[in-house]
Amino acid sequence: MTKLHCIFMQGVKKPFREVIDVAWGDAQGAGIKPLTFVRQVLAACLYPQLLDSNRLPTDVKQKARGLLSECHGGSMGSYTDLPGIPQVAREISEYIARRDGGDPPKTGNIFISPGSQWALQNILNLLVHGHGEVRSGVLTPIPCHVTTIESLHSLGGVSVPYYLSEEHGWELQMEELNRALEYAKQVCAPVALYVVNPGNPPGHVQSKKSIQDVIRFALEKRLFLLVDEVYQDCVYADNVEFVSYKKVLAEMGPPFSDTVELASFHSASKGFLGEAGLRGGYVELVNMDPDVIKYACTIFSKDTAPTPGQIALSVLANPPRLGDPSYPLYEMETQQMQTMIKANVRRVHEVLDSLPGISCQPVEGGAFAFPRVDLPPKALQKAKEMGMEPDTFYCLRLLEESGAFITPGCEYGQKEGTYHIRFCIRSPGDVIEDFLGRLVTFHTQFMKEFS
Amino acid sequence: FLSYTIDEYLLDTNLSLSSLTASRRGLPQKKMSENGISRPKVLTLDTMNPTVKMVEYAVRGPIVQRAVELEKELSEGIEKPFTEVIKANIGDAQAMGQQPITFFRQVLALCSYPELLNLDNTFPEDAKNRARLILQSCGGSSLGAYSPSQGIDYVRQDVANYIERRDGGVPCDPDNIYLTTGASDGITTILKLLVCGQGIDRTGVMISIPQYPLYSAALAELGAVQINYFLNEDNCWSMDIQELQRAVNEARQHCHPRALCIINPGNPTGQVQSRDCIEDVIRFAAKERLFLMADEVYQDNVYAEGCKFHSFKKVLFEMGPEYSETVELASFHSTSKCYMGECGFRGGYMEVINMDDDVKSQLTKLVSVRLCSPVPGQALMDLVVNPPQPGEPSYNCFIKERTATLSALAEKAKLTEKILNTVPGIRCNPVQGAMYSFPCITIPDKAIKEALEKGQQPDMFYCMTMLEETGICLVPGSGFGQKRINEGFVVMTILPPIDKLTILLNKVKEFHQRFTKQYS
């Protein structure tokens, strides 16, 4: 990640005015404004004197008072107990019930943490035997964002890749899962399957049928399902819908619904909130052995989520509703965001489709576009001479010549002989337009230079 | 408010999904699979990572669970011999009524909702300026953007400046500063780097007994060997080099000692190490080739006459290049303690000294797995290391609040020592610093017998009984590694407001006398 940035920072000729950074899935970092309601509630909780003024809408004050009343000493500065601020845990539970139907999960099955990756690492910690002759393995997708893999490795676990099928819209294919598992058994003791839906970096959204197939596979092969659903609110394609693994699992009935062990992760860092810096995430555990849950409690109790992050989760789970004073503004802000990002996605496809040597599978959801770049042999040769991966070379040149900062596919894994780039589409429209302009100019020149 | 006990968590967790499907399909509940055999789970106690089983985190252990249960019962109107449960076990100042620093909360509110910057009279100018500076240093000028994994540059620079000022000019490189999710995150991360090897080469980490259970929990989780060194109760819990030597010599027979952890001011003992002692420890670490980990989160909490906080780094550098250029040190600080008491924000930092460059790259990689520490916590840390200065509009209020909090703590430290030492069968060392008293209680033989019959450590039995009879929740010393038969230790915070603390201490006194009489 920082390799490119470091090379850039060492001082490079700059034929552009400023760097445009669309490398990370950081909406607010890219310039998208936070939702007003979240920040008003947060400010009121931080400085309760604001509750006495008439600066803030009544529903903001009500929510802030409610949250503070459940904090020890009435303050955000106190530690919170294991389930977090009780109201937040309840709201998450109710949110899950609204999303999936059925009864709200027991709050004892919901663990709040400083971001979803922290929760994921805690669950991996329960699953993974990191020392000894046989180490635990987790099937992980290729391409995949780096954090989970590094997290797994830091626990001594083995990541066993399964390739998503680019030609089929980055679909997860069962034959490939089977192949990966058979291979895994030779090198480790496979214990879990990690799925990202909607995907990162590829922006595919899994179909219900695909989810059912994976659940059947998990039951049959005795794998714990780790499902990263942080982009569940980021769906753009018209004929596509996010459906949670938990919902599909429940609808499949026994033996699946009461057997398959599932951990589902969500976060306030993505979606409409985009509050990555506040570090609010959670995991919902389904069908987990109650004796193991006791140990999960110990591990999670060491590091509960920071209170600002919990407040963000509270708004994620229980946003303003029709009739609330803050609803019109909330609705407008979220609609505007969705409209803008959908427009970004359209523009990205429009532009990429018109560029020879670049192709992009439909971005159905998530935060990124992950197009494939068909690099000519001369470019491959030059990259080799420079001792870097071809797509890293492409991205470095892009940065040097146009000031656009993106990341190369090699950092996420890709099929041998293919090259990709990743950039974030959850950015303000003008930023995307600027970026696309720079990309087009650069790409055309680059392809010409190396033809 | 209501909390859940661990046992409640277990209710119907497995059935929730099948009850959902059964009710949706109008079918009776089925726990078994179709061929009548209940399938074993993938993740059970047997298949779980074995190191997790070793983890016991006493500060939120069984006695705290029971306290939570009792709170619930009280709220349900069940009668008890007390009207409230007092959780006097955890160092959570604001939970006990300590007020946050106004300036800090003002700046954080402004950073969260910058619209407030446009309001004329609500916030002082210096608070607004700080908020603007902090926001400028954040991506997208927002607390909601990710920061670099090591932390916001501007904040790390301010932390470095603070350390230089604190340590009388000893230089601090911001590149050695990592902003962490509370101090515990930093401590766990460094321990992760240090733990390696198999069998006799397995990393051993020296920790003081009595200790703060985070360390033993972290070591258990990492599968490291815990090497206990005992603090000297008779000398106000000071570190004793002979004892350190004994511990390390013995440890070398079965593991590879690689690190030495010190908490100064101490938790739970409150001792403030003398400068000479710190020098001795540094020499010892150099000689035995140990990585020093200095947990200094209580650095502003020093109360006793003649006691002063000396940072390990300052002493290290004042010992000259033979030590300052070789001894590897990580020191930790946090927004949770001192006069701030802002535990909920999970703000902290660590400074690493003389760390091997390659290892430092690995450290940087490790912290990136967390993405970044909470940005509000980073902003708060910036304010802590760079508070209002004389002449600034918020200065008077700030200094008044800070002084009031610290002097109240000093008063409470003295009061605790005084009252507890009037009780026959309780003796309490002076609380030199930090936030806890750690009195030694004599437990009558009959009580010990009953405890062992119940399968409990005597001091756990004592604390459980106290909880049931008075609603006061203290943590027994056995959770902190001390194990003696007729004496136990208990940890009690000094944090409640002084009038409440007085009542608390007298209730403890009454309980102890009753307990002693009952079991004599």
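**Chain B, overall**

I counted the secondary structure of chain B in this predicted model and got 19 helices and 14 strands; helices (H or I, at least four residues) and strands (E, at least two) are DSSP runs, numbered from the N terminus. Local features need pLDDT of at least 70, side-chain atom pairs count only at pLDDT 80 or more, and totals for chains, interfaces and linings use all residues. Residues are numbered from 1 along each chain, chains are lettered from A, and side-chain values use heavy atoms, without hydrogens and water.

I then checked the dimensions. Along the principal axes, the C-alpha atoms of chain B fill a box of roughly 65 × 65 × 55 Å. Of the 520 residues in chain B, 61% are buried (buried is under 20% relative accessible area, exposed over 50%, partly exposed in between; 1.4 Å probe, protein chains only).

**Salt bridges**

I found 51 salt bridges over all chains, each a side-chain nitrogen of Lys or Arg within 4 Å of a carboxyl oxygen of Asp or Glu. I looked up three of them.

- A:Lys415 pairs with A:Glu167 at 3.9 Å, N to O. The two sit 248 residues apart, A:Lys415 in the loop between strands E13 and E14 and A:Glu167 in the loop between strand E4 and helix H8 of chain A. A:Lys415 is partly exposed at 48%, and A:Glu167 is exposed at 53%.
- A:Glu449 pairs with A:Arg397 at 2.8 Å, N to O. A:Glu449 is in helix H16 and A:Arg397 in helix H15, so the bridge ties together parts 52 residues apart in sequence. A:Glu449 is partly exposed at 45%, whereas A:Arg397 is buried at 12%.
- B:Arg258 pairs with B:Asp201 at 3.7 Å, N to O. B:Arg258 lies in strand E5 and B:Asp201 in the loop between helix H8 and strand E3 of chain B, so parts 57 residues apart are tied together. B:Arg258 counts as buried at 18%, B:Asp201 as partly exposed at 35%.

I also noted one network in which salt bridges share partners: B:Arg275, B:Glu279, B:Asp280, B:Arg283, B:Lys314 and B:Glu318.

**Negative patch**

I listed a negative surface patch of B:Glu328, B:Asp356, B:Asp357 and B:Asp358; patch residues have over 30% relative accessible area and no salt bridge, with like charges joined within 9 Å. B:Asp358 is in helix H14 (residues 357–368) of chain B and counts as exposed at 59%.

Definitions and conventions:
Patch = residues over 30% accessible without salt bridge, like charges linked within 9 Å, V, L, I, M, F, W, Y side chains within 5 Å. Areas by Shrake-Rupley, 256 points an atom, 1.4 Å probe, with all protein chains shown as cover. Lys, Arg positive; Asp, Glu negative; His and termini not counted. Charge placed at Lys NZ, Arg CZ, Asp CG, Glu CD.
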